[in-house]
Amino acid sequence: MSGGASVSNEIPVQPASGKPIQTVKTRLLYIDNLRVGLIILVIVGHMAITYGAPLGDWYYNEAGQVGDVFAILTTLLLGIGASFLLGLFYMIAGYFTPGPFDRKGPGRFVSERLVRLGIPLVLYALVINPLVTYWAAVHGGYQGSFNQYVPSHLPDLTNAAIGPLWFVEALLTFSFAYALGRLVLRGRPTSSNQLSDSPFPTNGTITLFALGLGLVTFVVRIWAPFGWWWEPLHQEPGHFPQYIALFAVGILAYRRDWFGRLPSRQARLWGWIALALVPVLPALAVAAGALQGEFDPAIAGGFTGLSLAYSLWEAFIGVALVIASLAWFRNRFNRQGELVRQMSEAAYAVYVLHPLLIVPLALSLSGWRLALETKFVLVAPLAVILCFLTGILVRKIPLIDRVL
């Protein structure tokens with residue numbers, strides 16, 4: 001899911017000197033497949049929160065207690081996922097930003113982004129979010145009608161009006177900023193719209209990038225700890241250094257063909273680095289008081305050693321996982337059958353619609369007298385199937401595929 005980027009992927013081709021940039025339309029199947037994998041992780045993560053994962057917030061959290069093993073595993077799933085998943089989405093979106101601007105120009109680029117990003121954003125804010133919030137409230141004991149609920153809870157609905165579509169809201173902002181930057185720099189000496197044959201960054205460069213990202217994140221979190229949301233825009237500034245940086249990396253990756261030039265050997269090294277960093281998360285959790293049942297807020301932000309350590313861990317494992325997952329899909333999953341092709345085309349629709357599907361699914365199964373861990377194992381795959389099946393069917397409705 002690239003936030004509504006064009007279905008036709010493009011790769012840059014180095015033009016002859018002085019000639020316009022050329023692009024070749026082709027399917028980067030491994031990117032399509034990577035999007036599918038990331039969307040599945042989003043759905044599974046939200047189902048984990050529904051069924052007792054100690055991290056994260058969601059519309060509906062089923063009552064009950066989970067065992068220590070489930071709590072630890074889901075904490076790892078959500079903590080590691082938060083370190084790279086959305087940043088990787090932004091990098092992919094950045095990669096597919098320059099090509100459409102080059103080909104269509106600023107006016108059409110902006111208008112298409114408004115359609116593909118703005119319409120789902122408005123739909124979610126005005127329809128999906130109030131409906132899902134109301135259903136959860138009814139399950140919790142609210143007895144009024146939907147028309148009664150919305151006016152009486154308008155501040156709550158406004159503060160979370162875009163739910164998980166905060167990603168789309170931020171991407172729309174990034175797209176506008178890119179278009180404005182291109183317009184401002186038009187006619188000036190710049191390499192922002194030129195192709196380059198520079199090699200993939202060295203490990204030393206990547207290390208400095210991750211170190212700088214971690215330090216900037218730490219500074220931002222002195223004033224805006226992670227988990228704090230800026231309302232009513234519903235944005236989390238504590239993760240924006242990563243999102244902005246990786247969106248910019250995606251733009252450079254397109255210009256310099258970094259996705260194709262990423263050496264497999266180098267990617268394996270960063271995969272091992274990511275694996276080595278996994279045990280650091282539980283160590284940080286213990287240092288923050290997890291064994292006492294309550295996390296020290298110092299890990300979330302402020303001028304603290306815990307916040308510095310967590311910010312650096314998140315930056316390094318996030319960068320490592322972005323590199324490793326990109327190469328892994330490129331080398332192993334650069335092909336598609338018909339089902340996966342349809343799933344990849346429906347990925348954006350699934351992201352927009354999945355709360356409308358998985359929340360009522362969980363509510364309808366709340367009467368099952370099963371352990372929360374067992375419910376998660378049974379319901380999460382069902383949720384994935386339901387979401388992709390719905391996404392594929394919805395996109396068959398005339399004109400919907402132009403938006404979703």
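Accessible areas here come from the Shrake-Rupley method with a 1.4 Å probe, and for residues only the protein chains shown count as cover. The model is predicted, so local features need pLDDT of at least 70 and side-chain atom pairs count only at pLDDT 80 or more, while totals for chains, interfaces and linings use all residues. Residues are numbered from 1 along each chain as its sequence is written, and side-chain values use heavy atoms, with hydrogens and water left out.

On this basis the accessible surface of the chain comes to about 18700 Å², and carbon and sulfur atoms account for 67% of that area. Of the 404 residues in the chain, 50% are buried, where buried means under 20% relative accessible area, exposed means over 50%, and partly exposed lies in between (1.4 Å probe, protein chains only). The secondary structure consists of 15 helices and two strands; these are DSSP runs numbered from the N terminus, with helices (H or I) of at least four residues and strands (E) of at least two. A contact is taken as heavy atoms within 4.5 Å. Among contacts between residues at least 6 apart in sequence, 79% join residues at least 24 apart.

Turning to the interior, a nonpolar core is a set of buried Ala, Val, Leu, Ile, Met, Phe, Trp, Tyr and Cys residues joined through side-chain atoms within 4.5 Å. The largest such core holds 116 residues, and I43, M47, Y90 and F167 are those with the most contacts inside it. Helix α2 (residues 68–95) gives the most to this core, contributing 14 residues. Once its neighbours within four places in sequence are set aside, I43 touches V350, H354, I358, A383, V384, C387 and F388. In soluble globular proteins, nonpolar side chains tend to be buried together.

Some nonpolar side chains do sit on the surface: V122, L123, L126 and V127 form a patch there, with about 340 Å² of accessible area together. Patches are made of residues with over 30% relative accessible area and no salt bridge, with like charges joined within 9 Å and nonpolar side chains (Val, Leu, Ile, Met, Phe, Trp, Tyr) within 5 Å. V127 belongs to helix α3 (residues 98–139), and its relative accessibility of 38% is why V127 counts as partly exposed.

Charged pairs come next. With a salt bridge defined as a side-chain nitrogen of Lys or Arg within 4 Å of a carboxyl oxygen of Asp or Glu, the count comes to 10. One of them joins R35 and D32 at 3.2 Å, N to O. Both residues lie in helix α1 (residues 29–50), three residues apart, about one turn of the helix. R35 is buried, with a relative accessible area of 6%, and D32 is buried too, at 1%.

Helix α13 (residues 338–345) carries both R341 and E338, again three residues apart. The closest N and O atoms of their salt bridge are 2.4 Å apart. R341 also meets E345 in a salt bridge at 2.8 Å, N to O; because R341 and E345 are four residues apart in helix α13, about one helical turn separates them. Salt bridges link E338, R341, E345 and R395 into a network.
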